Amino acid sequence: MKKHIDHTDPANTMNTTSGKGGETHQDAGANTQALTTQQGVVISDNQNSLKAGSRGPTLLEDFVLREKINHFDHERIPERIVHARGSAAHGYFELTESLADYTTAKILSETNKQTPLFTRMSTVAGSKGSKDTPRDVRGFAVKIYTEEGNWDIVGNNMPIFFIQDAMKFPDLIHAVKPEPDRGFPQAASAHDTFWDFVSLSPETMHNVIWLMSDRALPRSLRMIEGFGIHSYRLINKDGNSTFVRFHWKPKLGVQSTTWDEAVKISGADPDYHRRDLFESINNGDFPEWEFGVQLFSEAEAEQFPFDHLDATKLIPEEMVPVKIVGKMVLNRYPENFFAETEQVAFCPSHLPPGIDFSNDPLLQGRLFSYLDTQLSRLGSPNFAQIPINAPKCPFANMQRDGHMQMQVPKGRVAYEPQSLDPTMPRESAKRGFKSFAEPLDDGVKGRIRAEKFADHYSQPRMFYLSQTPHEQAHIASAYAFELGKVDTPHVRSRTLSHLRHIDEDLASRVAKALGMELPAAATLSAPVQAMATSAALQTIGRTPNSLQGRLIGILVAQGSNKSEIERYKQAAHAQGANVKIVAPGREVVLDDGTRIQSAERIAGAPSVLFDAVVSIIMPEQAKKLAKDSATLDWFTDAYVHCKAIAYCGATDKYILSKLPIEKDRFITPLADVNIFIEHAKSRLWEREPKVRDLA
Ligand code: HDE
């Protein structure tokens with residue numbers, strides 16, 4: 001009955017899906033690896049289950065089918081409670097300036113050597129399958145496989161956190177996650193429970209204003225900053241401690257999208273950031289960050305107008321400069337998403353000797369949480385043996401057994417101290433991890449919050465006043481959008497009562513956009529301090545005027561001018577940008593008869609996916625495209641998102657003239673290629689108030 005079919009021939013593979021009986025697979029032959037069961041038994045037929053007769057029933061005896069289905073049924077593991085959606089890459093860390101005066105950690109004192117690492121960037125609120133571009137904080141977790149043990153810097157793309165004490169974390173997360181009765185909204189903070197919680201917890205105000213800023217809408221994971229947030233300690237050979245905060249600064253600078261763009265990107269490409277990371281690494285454009293430290297002594301910390309152990313406070317760079325001492329390069333995308341990105345287990349408690357924790361009460365809580373969560377997520381205390389988690393330096397201890405033990409420890413000794421086996425590992429007072437011998441004041445035991453933690457508004461105020469006017473308008477509009485989704489009037493009103501302490505003008509703008517009266521200001525538990533503004537906190541103000549790492553979309557169609565296309569491509573490439581050709585179809589014949597492949601059909605590549613757009617089309621094609629809403633949106637969106645547009649005569653005559661587009665200096669005819677390239681490096685923010693009713 002059985003026929004042998006060559007599955008490498010597309011004509012034949014059709015047969016196997018046709019549902020007709022009798023097909024079988026292509027035979028592995030002598031030189032091809034054979035498909036086997038988990039037990040190594042070669043499988044003869046991977047298309048048909050074992051049946052009694054050609055039309056069944058299927059036999060229980062079919063161990064090949066049962067093993068295959070059984071494994072499939074258990075393919076999923078619990079997703080992370082927070083930061084479930086993430087993308088990651090391998091790379092290396094290199095120290096360029098030694099911190100040997102401050103720490104014994106080799107990773108921070110031995111320069112010019114490359115140490116492997118794995119970095120995972122994530123959203124916080126959404127589940128594993130949620131979109132890449134919600135308004136959200138981004139996780140920034142780096143595992144450095146140092147020769148003295150793994151060092152996990154588990155941080156975010158914002159330098160502060162929502163809460164001051166670990167006790168409040170489950171409440172914060174329950175408030176932001178989909179509401180439990182209805183199961184929505186997914187990956188969104190714009191709903192009642194989030195704003196109810198934050199408006200009752202003024203300590204959240206600082207992170208909330210960052211969340212309302214453009215920082216929450218990154219253009220690319222390659223363009224986010226990373227912060228360790230908490231203060232840590234560096235310990236030197238004399239046992240002296242210096243406080244430190246860790247920073248990652250992207251080589252491409254910080255860049256964000258607008259809110260409207262982020263919303264549309266999530267429809268056009270929910271994997272926008274993951275795809276961007278994958279494509280850039282595969283193109284050899286390796287994402288890179290500088291590694292910096294803010295170093296300060298206990299005495300200096302005493303002088304700060306805030307408590308550095310409070311994770312809702314940043315240390316302005318103008319107060320303690322960020323000293324750049326190294327870099328991180330991501331140069332290899334994971335081979336298998338599950339085995340690496342999903343199974344990687346970060347724990348802030350993973351530190352090499354020479355680095356130590358501070359008493360930040362949020363950090364102290366995290367030191368428990370991450371180890372604990374890995375047990376339920378990965379199912380075994382042996383998760384450190386999974387290749388992505390295992391240290392790359394030697395490791396040995398007396399821990400034994402447990403689910404999924406991968407090692408086969410030898411010998412009769414599994415305890416310490418022992419005198420039977422001199423080859424077994426022993427503690428080392430000299431090389432081992434030592435905690436800083438911190439003198440502790442003998443305060444009272446109690447559920448206490450330090451008084452210095454009480455100032456909740458000075459830093460959000462500093463953040464707001466540090467922004468450019470465009471960014472302030474985005475922030476005010478974001479509050480209006482989010483609170484506009486809140487149905488409970490007293491929650492909206494209570495939030496406004498806090499905004500009054502951040503900035504009266506901000507509060508009035510948001511109230512006006514919501515059509516609400518301004519309530520009385522919230523009760524203050526500490527005076528609002530005037531802090532110097534900090535330009536380092538801007539996004540738009542600091543976006544580099546550069547095309548490096550950006551993407552230009554060129555719309556072409558049947559008969560488009562090849563030399564114009566080449567001219568624009570070359571000009572873009574010369575500045576470090578990538579180019580994607582967009583066309584009505586996936587293949588198109590140009591004016592000189594060459595048939596080219598487009599990267600995308602226009603229906604699947606709205607202009608929100610590009611940093612600037614060019615249109616090179618012939619009149620007949622322009623007339624056709626003028627009737628296509630995807631094409632009309634392509635231009636309208638590029639316009640309302642303040643992007644540079646280069647157009648040909650036919651585009652102008654048949655498309656742009658039909659649209660509510662006012663020609664400004666960022667909209668240029670094809671002849672002005674150099675002007676277009678200059679403009680493509682930034683956005684024309686002055687255009688925004690003409691096209692959007694900002695708060
Ligand atoms: Fe996390 N956090 N967190 N967090 N967090 C987790 O650990 C937690 C906090 C951060 O890519 C979980 O492995 C508590 C601050 C990142 O795999 C969990 C508290 C910061 C990631 C957890 C915090 C972070 C996590 C979920 C308050 C920035 C993703 C799965 C005390 C400095 C890591 C997991 C990755 C993940 C708990 C607060 C960043 C549940 C209890 C502050 C980047 O253990």
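**Note on strand β3 and the cysteines**

1. Strand β2, which covers residues 114-123, pairs with β3 in the antiparallel sense over 7 bridges. The model discussed here is a predicted one, and the points below should be read with that in mind. Within this pairing, Thr-123 has Arg-138 of β3 as its bridge partner.

2. On its other pairing, β3 is joined by 8 bridges to strand β4, residues 149-156, and these two strands also run antiparallel. The link between β3 and β4 is a hairpin of 2 residues, and across the pair Ile-144 stands opposite Trp-151 in β4.

3. How many of the residues of β3 are buried? The strand spans residues 138-146 and is mostly covered, with 9 of its 9 residues buried. In a regular strand, side chains alternate between the two faces of the sheet.

4. Turning to the cysteines, the count of disulfides comes to 0, where a disulfide requires two cysteine sulfur atoms within 2.5 Å. Cys-347 illustrates the reasoning: the closest cysteine sulfur, in Cys-393, lies 15 Å from the sulfur of Cys-347, which is too far for a bond.

5. Is Cys-347 buried or exposed? Cys-347 counts as buried because its relative accessibility is 0%. Cys-642 is likewise buried, with a relative accessible area of 0%.

Terms used: Residues are numbered from 1 along each chain as its sequence is written. This is a predicted model: local features need pLDDT of at least 70, side-chain atom pairs count only at pLDDT 80 or more; totals for chains, interfaces and linings use all residues. Side-chain values use heavy atoms; hydrogens and water are left out. Buried means under 20% relative accessible area, exposed over 50%, partly exposed in between (1.4 Å probe, protein chains only). Helices (H or I, at least four residues) and strands (E, at least two) are DSSP runs, numbered from the N terminus. Two strands pair if DSSP finds at least two bridges between them.
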